[in-house]
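The sequence and structure come before the details.

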Amino acid sequence: MLVFRRSRRAVGFVMRAARCAVLPALTCVSVAHAGPASASDPILQTEENDIATLPAIGPHVVFIEDPVYRHAKDGRVLIVDADQGRLLGMVQAAYNANFVAERATGAIHVAETTWAHGNRGKRYDLLAGYDPKALTVTTDIELPGRALVTPKKPNMALSANDSRIYIGDMSPTNGVHVLEAKTGKLLGTIDTPGCALVYPWGGTGFSSVCADGSLVNVDSADVAKPAVTHTPSFFAPDRDPVFEHSPEVAADGHVPFISFSGLVYDAALGGTPTIAAPWSIEQAAGMKPASDSRAPFEVTWRPGGWQLAALHRADNTLYVLMHKGTFWTHKDSGTEIWVFDLHAHKLLRRLHLARPSAMVGVTQDSKPLLFTTDDDGDLFIADAQTGQVKRTMKHLGDSLVFTVAGGE
Amino acid sequence: MSSLSLFDRLGEKLVRNLAEFSSRRSVLGTVGAAMAAPAFPVLPVARAAEANAAPVPSTQTLTDFERKAQSTDPTKCDYWRHCAIDGLLCGCCGGGIHTCPPGAEPSPVSWIGTCRNPDDGRSYVIAYRDCCGRTTCQTSADCHCNTSDHEMPIYRPQASNDIIWCFGTQTAVYHCSTAAIIGQAG
């Protein structure tokens, strides 16, 4: 290596000499001033290459999915220290991947898809598990399939006790693959005909939303003989569907399902879920409820975006991206975040966004941080109480679509 | 059993063998794939074909997209047929409004949208068929669209534009999206 360094130095000398021959005098003067080292200059020490490890995954470390849509096989999960606004590392998350992060350790598991010859050949649907410190691959198994859908957080889920991974499939029939998180072992696949998405509850349960506005509830303790129940329809999909990215607390199966018009159906998932009567977030903000698809042309404040809402479990506060528009603007970015008390159905504050965002995330600690993005892939890290941006990470990715905060 | 005909006994044996060696999932998958095999989605076409000269909707009840829609440049997101599209326009990638670029393969199934043509004021059923087998088309940002008139979550897959609709193609790699008229909306 030393010989190599000397060789490079020699090349540098030749290059400088060549520049002096062709560039104006000033350039040569400045180079001349740099001059040869004097005997009193300290000699820089030699170095060995090493590999960084991740710090313990605290509440202000956030995992962010970037599908890199235009180079989808190059998607990744970014790991960010939100206190410093610093990228800590990343892992591959190819072709509309999904991921979960273990709440206890921060170990991440990525469900992704590749093809043997790039864009052709044998298709591989994979589940890769990563060591939470070294970020090395610990498990790498082939899945029987998975849904290829623009990444939505609830297409994959982790049980409340971090023991089971659920992966939604749609190839072409709907089902959920159940795997052991520690080993990646496939325990089985459970059919969920007419239903999609995975909202976990308890150690072995999950619910999916069905085409008729009901839930199917599956206890997969015995994967070969799952206990399956159905709720009655609690919303009318044709009139006012609920968002896929309705946020969830897996520990208690709490999901406030948010409809396109802004109705919140507070659900406690389980074998027999309880679903409260809906309340309107516009009404909670002192306005009249927004219209549904039967009167789609009313321009008013509505929820919208991709990961359009976040839930702070301890405070029981709901953060919702809001914009002004007609009914079918459910993917429009939010220009404000409205913060609600989920118990009191009361608007606590409205936070204006300098840049419209399709994503909002929140950390779960007592001094929560708020995450938003923009069309340039910037990450804005703000105080969740005031909305004041504390740090901006310019062009962190191509498309930042959802977040999982440490311990979430 | 002895009273059953030979045909009945053969039929029973076939069904029992099927049940023994096939999971419900694989049967559904096979049936589903077979149903997806026709070149065009059947139900929307049938429904659309049944609708004769549907009434022209009032311009006072237009969605945000419909108010701004144009009918002259199909390589722009605000072209009227793109009311519920999500993805890259094939017309910007060497293909056209209903044409895959060279080497790409059209998906036999699609999601559908209902879009209003500003020229005649009528609504049409649009099949958004993905073209597959090449990596995502890299082109102008003007050609990367995500509109959502009547677009639904994936638990209503037939109206969801977030699903990679490259089912039944040689590879499920997404390249770009087309927007073919398959009938007038009722």
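A salt bridge here is a side-chain nitrogen of Lys or Arg within 4 Å of a carboxyl oxygen of Asp or Glu.

## Basis

This is a predicted model, in which local features need pLDDT of at least 70 and side-chain atom pairs count only at pLDDT 80 or more, while totals for chains, interfaces and linings use all residues. Residues are numbered from 1 along each chain as its sequence is written, chains are lettered from A and ligands numbered from 1 in the order in which they are written, and side-chain values use heavy atoms, with hydrogens and water left out.

## Interface of chain B and chain A

In one of them, R156(B) pairs with D238(A), with the closest N and O atoms 2.8 Å apart. α2 (24–36), α4 (64–68) and β6 (144–146) of chain B are the elements that each give two or more residues to the side touching chain A; helices (H or I, at least four residues) and strands (E, at least two) are DSSP runs, numbered from the N terminus. The largest share of that side, 6 residues, comes from α2(B). By class, the side has 14 nonpolar, 16 polar and 10 charged residues, where Ala, Val, Leu, Ile, Met, Phe, Trp, Tyr, Cys and Pro count as nonpolar, Asp, Glu, Lys and Arg as charged, and the others, Gly among them, as polar.

Contact (heavy atoms within 4.5 Å) links 40 residues of chain B with 47 residues of chain A.

## Annotated site in chain B

The unreviewed UniProt entry carries an "active site" annotation that covers W111(B) and D130(B). UniProt positions are given in the numbering used here, feature names are shortened, and annotations may be inferred rather than shown by experiment.

W111(B) is in strand β3 (residues 111–116) of chain B, and D130(B) is in strand β5 (residues 130–132). W111(B) is buried at a relative accessible area of 1%, and D130(B) is buried at 2%; buried means under 20%, exposed over 50%, and partly exposed in between (1.4 Å probe, protein chains only). Leaving aside neighbours within four places in sequence, D130(B) is in contact with residues including W111(B), E105(B) and Y174(B).

## Positive phi in chain A

N96(A) is not a glycine, yet has a positive phi of about 50 degrees. N96(A) sits in the loop between β3 (86–92) and β4 (98–101) of chain A and is buried, with a relative accessible area of 5%.

H395(A), also not a glycine, has a positive phi of about 45 degrees. The loop that holds H395(A) runs between β28 (389–393) and β29 (402–405) of chain A.
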